[in-house]
Amino acid sequence: MLKALFASQSMGADASRVAAMAVAMWKNVGIALAPIIGRTGVDALFTRSIHMTRAAHPCLAIIAEDNTQGDILAALQAVLVQQPDTTAVAANIALLQNFEDLLGSLIGLSLTKRLLRPVWDKPSSGQTEQDATL
């Protein structure tokens, strides 16, 4: 779902652009899910997804370690910018997949797809219509 969208949009982009697109997509995920599961719920799922993904993508480990009270999306962007382009894309795709899998295990795949559909409909241009933290 989201990983295919992100992969297609980030092809050929440099790490800076990939990082901006990733943050825009995650903000849109937060906007879509917060009214249903709350900001705390979205943050918890995102944090858990980082923990699940960091074994395969160790660059994400610093986000969980350094971000107890800070802006987790700014931390994600800072990490992705420092990676080679393909690594940044792969790390965010894995993070998206783990997030979708985790959400799907809690509420079911059908509802997950329905809740995330607005995110698919918005391009991940690096800009969001609303500045929302994840």
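## Close-up views of a predicted helical chain

**View 1. The crossing of helices α2 and α5.** In this predicted model, α2 passes α5 in a left-handed crossing, a crossing being left-handed if the near helix is turned anticlockwise from the far one by less than a right angle, and right-handed if clockwise. The residues that make the contact of α2 with α5 divide into 22 nonpolar, four polar and two charged, where Ala, Val, Leu, Ile, Met, Phe, Trp, Tyr, Cys and Pro count as nonpolar, Asp, Glu, Lys and Arg as charged, and the others, Gly among them, as polar. The axes of α2 (residues 15-53) and α5 (residues 85-107) come within 9 Å and cross at roughly 15°; these axes are lines fitted to C-alpha atoms, for helices over the stretch in contact, and the angles run from 0 to 180 degrees between N-to-C directions. The two helices α2 and α5 are therefore roughly parallel to each other (angles under 35 degrees count as roughly parallel, over 145 as roughly antiparallel, 65 to 115 as roughly perpendicular and the rest as oblique).

**View 2. The aromatic cluster of Trp-26, Phe-46 and Phe-99.** These three residues, Trp-26, Phe-46 and Phe-99, form one aromatic cluster, and rings of Phe, Tyr and Trp (its six-membered ring) pair if their centres lie within 6.5 Å, with planes under 30 degrees apart counted as stacked, over 60 as edge-to-face and the rest as tilted. By this rule there are two aromatic pairs. The rings of Trp-26 and Phe-46 have centres 4.6 Å apart and planes at 65°, so this pair is edge-to-face. The rings of Trp-26 and Phe-99 have centres 5.1 Å apart and planes at 80°, so this pair is edge-to-face. The latter pair links distant parts of the chain, with Trp-26 in helix α2 and Phe-99 in helix α5, 73 residues apart. Both Trp-26 and Phe-46 are buried (under 20% relative accessible area, against over 50% for exposed and partly exposed in between, with a 1.4 Å probe and protein chains only), and Phe-99 counts as buried at 0% relative accessibility.

**View 3. Helix α5 and the residue that follows.** At 1.5 Å a residue, the 23 residues of α5 should span 33 Å, and its end C-alpha atoms are 33 Å apart, which agrees; the expected span is 1.5 Å times one less than the number of residues. After α5 comes Gly-108, whose phi is positive, near 95°.

**View 4. Val-79 in helix α4.** Val-79 lies in helix α4 (residues 72-81) and is buried, with a relative accessible area of 7%. The C-alpha atoms of Val-79 and Ile-62, 17 residues apart along the chain, are separated by 7.9 Å.

**Notes to all views.** The secondary structure of the chain comes to six helices and zero strands, helices (H or I, at least four residues) and strands (E, at least two) being DSSP runs numbered from the N terminus. Residues are numbered from 1 along each chain as its sequence is written, and side-chain values use heavy atoms, with hydrogens and water left out. Local features need pLDDT of at least 70 and side-chain atom pairs count only at pLDDT 80 or more, whereas totals for chains, interfaces and linings use all residues.
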